[in-house]
Amino acid sequence: MEDWDPEDVRFWEARGKRIARRNLALSVASEHIGFSVWSMWSVLVLFMSPRIGLPFTPGEKFLLVVTPTLVGAVLRIPYSHAVTRFGGRDWTVFATAVLLVPACGAAYFVQRPGTPLWVFLLIGALGGAGGGNFASSMTNITAFFPQRHQGWALGLNAGGGNLGVAVVQLLGLLVIATAGDTHPAYVAAFYLPLIVTVALLAALRMDNLAPPARKEKGAWTEAVRCAHTWWISLLYIGTFGSFIGYGFAFGLVLQTQFGSTALEAASYTFLGPLLGSLARPFGGRLADRWGGARVTAWTFVAMAAGTGGLLLASARGSFALFVGGFTVLFVLTGLGNGSTYKMIPAVFAERAGREVTDGRDARDAFARARRLSGAVIGIAGAVGALGGVAVNLAFRAAYGSEGGSGAPAFVAFLCFYALCVAVTWTVYLRPARGSGHGDRNANGAGNSSGNRGAAGARPARRSGAGRV
């Protein structure tokens, strides 16, 4: 793959499309397994009770779901870097196979009454490796697809991975409904043959990134210094952080706030992550059509309104309204995940377009844009996942006392979504002042030149009104 150049239309139609789609399919499978193992503790905690010799408190259970979330977030940066060092195929094989360790540990120790909390915290931390798979998978897929198709490809890749949250929760529901709520080992054991199968398929059928597609020395340093990296990371906290945080905590919230049984909680927890995961590719496609910033801004407006609905449901004690509101929030987070990630390649493709206008070689400029996009994907993915930690810590604090309510947590979420609306408008949507150039500058702006091919946005209707 030394001659890999997805931006070359003839190459893409002749060879690139087929190779990219094959790698995308296996990347989705690996990421899906990773998300399932990562979020497995959101299901296993529903089984933990004195009946199986694991009488942990709600606060301890929230800690169990926080731990893999935190570790997965931290691992996303080295995982993103690992793809560029070892190659997409080699790293995917390793990152998938290593999940056997936390899956085997969970399957064994949840059958051992009296196992101390620290053992489960350690296993949960090891399960955080599944969260790292997201960053390596997304970085890998970015290099296979041309910029004009990245919104849909990244959305499909991430959405297929996100489905792992819903699938493991559906599996938990199936186990509880058929075998009862005293057999959590069945959930973990189910994934052991799947992990082996996906690792083998990745070894046989995936491709490594060619050296020209690997990031140049200093790409991460440049990404860290770019203001876009941190603005987009903030927005991704609001979208993906909410998705993964709600996905991990929803069952515990229902048990704590409404006294739901394990079966009742499991009957509802899968629906939101399922719909949110399915919505993610459509968020990317909407961003391809209308611009990532515009879709992201409206998504946050709707998320703030949905959070207000949860406050109302909590005040009224309405279980149906609460579950419905949470499900709508999941869908919105999925749309926002896709649109926010679309903004990453769009921003750097836009900058490459300006460099070409200034005389730089087009191939070099857009190759550099892809490398920077990969670095920012790793950083934003890690920072965004930390939002899931914050969500679970907020719930832990809100429900920590006897008779605690989730209202303080929901107020905090609503305020953060309002902040995200303000940031999206100010940095990426507000028309530039002055001469009418479509962007303010490379360090803190983001208004596009109106070039649809570069920014994935609609052409500007007036000077300075382009959209990323």
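**Ground rules.** I number residues from 1 along each chain as its sequence is written, and I use heavy atoms for side-chain values, leaving out hydrogens and water. Because the model is predicted, I require pLDDT of at least 70 for local features and 80 or more for side-chain atom pairs, while totals for chains, interfaces and linings use all residues.

**Salt bridges.** I searched the whole structure and found five salt bridges. My criterion was a side-chain nitrogen of Lys or Arg within 4 Å of a carboxyl oxygen of Asp or Glu.

I took helices as DSSP runs (H or I, at least four residues), numbered from the N terminus. Lysine 17 is partly exposed, with a relative accessible area of 23%. For burial I used these classes: buried under 20% relative accessible area, exposed over 50%, partly exposed in between (1.4 Å probe, protein chains only).

I then turned to arginine 22. It forms a salt bridge with aspartate 207, with the closest N and O atoms 2.4 Å apart. This pair links distant parts of the chain: arginine 22 is in helix α1, and aspartate 207 is in the loop between α9 (185-205) and α10 (219-225), 185 residues apart. Aspartate 207 is buried at 17% relative accessible area.

Next came aspartate 181 and arginine 51. Their closest N and O atoms are 2.8 Å apart in a salt bridge. Aspartate 181 sits in the loop between α8 (150-179) and α9, arginine 51 in the loop between α2 and α3, and 130 residues separate them. Aspartate 181 is partly exposed at 24%, whereas arginine 51 is exposed at 61%.

**Aromatic pairs.** I paired rings of Phe, Tyr and Trp (its six-membered ring) with centres within 6.5 Å; planes under 30 degrees apart count as stacked, over 60 as edge-to-face and the rest as tilted. The count came to 38 aromatic pairs.

One of them joins phenylalanine 56 and phenylalanine 120, edge-to-face, at 6.0 Å centre to centre and 85° between the planes. Phenylalanine 56 is in the loop between α2 (41-47) and α3 (58-86), and phenylalanine 120 is in helix α6 (residues 117-127), 64 residues apart. Both are buried.

I also checked tyrosine 246 and phenylalanine 395. Their centres are 6.4 Å apart and their planes at 50°, so the pair is tilted. Tyrosine 246 lies in helix α11 (residues 227-258), phenylalanine 395 in helix α16 (residues 362-398), 149 residues apart. Tyrosine 246 is buried at 0% relative accessible area. Phenylalanine 395 is also buried at 0%.

**Charges over rings.** I required NZ of Lys or CZ of Arg within 6 Å of the ring centre and within 35 degrees of the ring normal. Arginine 280 lies over the face of tyrosine 341, at 5.3 Å from the ring centre. The charged end of arginine 289 sits over the ring of tryptophan 290, 4.5 Å from its centre.

**Cysteines.** How many disulfides does the structure hold? Zero, with a disulfide taken as a pair of cysteine sulfur atoms within 2.5 Å. Cysteine 104 is partly exposed at 38% relative accessibility, and cysteine 420 is buried at 0%.

Notes. Helices (H or I, at least four residues) and strands (E, at least two) are DSSP runs, numbered from the N terminus.
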